[in-house]
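Subject: Handover of a structure

Dear colleague,

Please find below the structure that I am handing over to you. My findings follow it.

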Amino acid sequence: MYAASVQELIDELGRLPGIGPKSAQRIAFYILKSPAEDARRLAACITAAKTKVTWCARCFNVAEGEAGVECEICTDPRRDSSALCVVEEPRDVVAIEKTGEFRGRYHVLQGAISPIDGIGPDQLRVRELLARIDAEGVKEVILCTNPNIEGDATALYLASLLKHLPVKVTRIASGLPVGGDLEYADELTLGRALEGRRELA
Amino acid sequence: MSLYRDLGVVLRTYKLGEADRIVVLLTAGHGKVRAVAKGVRRAKSRLGGRLEPLSHLQLLMYEGRELDIVSQAEVVEPWRALHEDLACLAGGMAMAEAAEQVAQEGEASGPLYRMLVGALRAMAHRPGPLVVAGFYWKLLCLDGAAPVLHQCASCGAGPPAARLVAFDIAEGGALCQGCRRGQPISPAALELLRMVVGGQLGRALELPASHTTNEVAALATISMERHLERRLRSLRTLERA
Ligand SMILES: [Zn+2]
Ligand SMILES: [Zn+2]
């Protein structure tokens, strides 16, 4: 048995995604053994990120500032507003930005349709996406959801909504490894997949 | 650790750690199996996309203490429509969800496996209005809840003396005027239901959508949920769509 404060730290770390009880224990003791200054900096980073970072009011990517602020991509006048890339999570924006292949803007759904988990379109930023098409003069929507069943379901659903709007709808090419997470795709593969996107019927 | 080979369908997956997944499989010879698929979320994974829900696979597995480990997986039949048509995808997930609830770990069920494969194949190639419902009714029969359809499930009275006007799976099936509870059922739907569970599912699957197929499909969902004593999320989620 550990002292209460150590156990509390282990429990908190164990609630993070991808961290099991063993890893939580390892990280907790790593923190306890490291200099007090390091631990303070980590704590300060978490607090600062949590207070400074919000969701972009337009695309729902991460943005720094007060609620209602827009992210760096949305406020960049050099970005092409006629092309809109739809992704599941902010980390997918990072993955696509790394390819350097895309000069348009993004829309982050903040999730994917997962029938079996009961996550439907009403829990995603779908209404906000539809509202942007006309308002921003979007000509092409590129569906860049993960190449897995939730990503497929999400893309098919969005395509069925968007076909009623005067906009070209494309899906990222199937060259991406199915089942893999977009964030793990290397830049070259992702860049090619983006380039080879095809129009949905 | 011992190796075994089996055929299986992926029912669902969970993320595990950084790049692994837990896959829940319905196998032909080992019933429901929970297994770890290592590294499958990385782009260069050899197993990768094969371990997505609704994939039909030839598997090579290591038996583990708590979870088995997927060593190799080859696709038996690629069912493209299940990934390219939203209604087919939703129907496939709805069947996988119910199968997962009925299947038991460590208890082989060849019939359940074959039923699911048949139903997914139908969904991928000839998706009619009764594919999911047909699977649900067959699943109820397999799970010991075959509905009584030719007389009142409660009092035993039958036509022509008593008309069967309602249906409640908890009561055992169709019900007469005096015993009525659950859902009302039309004579046409009752007739179609007799066809589905009475060995003529193939014919029923060919029928075009109608009031009657809708009624039998809705009744299938209600009955499956009542039998499992839980909601089927897949159907409800995409109905909201
Ligand atoms: Zn933005
Ligand atoms: Zn009766």
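The model is a predicted one. I begin with a pair of helices in chain B. Helix α2 (residues 86-102) and helix α3 (residues 110-125) of chain B have axes that come within 10 Å and cross at roughly 170 degrees. Since angles over 145 degrees count as roughly antiparallel, α2(B) is therefore roughly antiparallel to α3(B). On the side of α2(B), the residues that meet the partner helix are B:Cys88, B:Gly91, B:Gly92, B:Met95, B:Ala99 and B:Val102. On the side of α3(B), they are B:Leu112, B:Leu116, B:Ala119, B:Leu120, B:Met123 and B:Ala124. Sorted by class, this contact of α2(B) with α3(B) comprises 10 nonpolar and 2 polar residues, with no charged ones.

The crossing in which α1(A) passes α2(A) is right-handed. From α1(A), the contact draws on A:Val6, A:Leu9, A:Ile10, A:Leu13 and A:Gly14, while α2(A) contributes A:Pro21, A:Ala24, A:Gln25, A:Ile27 and A:Ala28. Of the residues in the contact of α1(A) with α2(A), 8 are nonpolar, 2 are polar and none is charged.

I turn next to chain B as a whole. Its secondary structure consists of 8 helices and 8 strands. The radius of gyration of chain B is 20 Å, close to the 18 Å that the globule rule gives for 241 residues, so chain B is as compact as a globular protein of that length. The C-alpha trace of chain B spans about 65 × 35 × 30 Å along its principal axes. Buried residues make up 46% of the 241 in chain B. Counting the contacts in chain B between residues at least 6 apart in sequence, 54% join residues at least 24 apart.

B:Ala19 sits in the loop between β1 (3-16) and β2 (20-27) of chain B. Apart from its neighbours within four places in sequence, B:Ala19 is in contact with B:Gly39, B:Arg41 and B:Arg42. B:Val165 lies 146 residues from B:Ala19 in sequence and 54 Å from B:Ala19 in space, C-alpha to C-alpha.

Yours sincerely

Note on methods. Residues are numbered from 1 along each chain as its sequence is written. Chains are lettered from A and ligands numbered from 1 in the order in which they are written. This is a predicted model: local features need pLDDT of at least 70, side-chain atom pairs count only at pLDDT 80 or more; totals for chains, interfaces and linings use all residues. Helices (H or I, at least four residues) and strands (E, at least two) are DSSP runs, numbered from the N terminus. The radius of gyration is taken over C-alpha atoms; the globule rule is 2.2 Å times the number of residues to the power 0.38. A residue is buried if 20 or more other C-beta atoms lie within 10 Å of its own, exposed if 12 or fewer, and partly exposed in between; C-beta atoms are placed from the backbone. Two residues are in contact if their C-beta atoms, placed from the backbone, lie within 7 Å. A crossing is left-handed if the near helix is turned anticlockwise from the far one by less than a right angle, and right-handed if clockwise. Ala, Val, Leu, Ile, Met, Phe, Trp, Tyr, Cys and Pro count as nonpolar, Asp, Glu, Lys and Arg as charged, and the others, Gly among them, as polar. Axes are lines fitted to C-alpha atoms, for helices over the stretch in contact, and angles run from 0 to 180 degrees between N-to-C directions. Angles under 35 degrees count as roughly parallel, over 145 as roughly antiparallel, 65 to 115 as roughly perpendicular and the rest as oblique.
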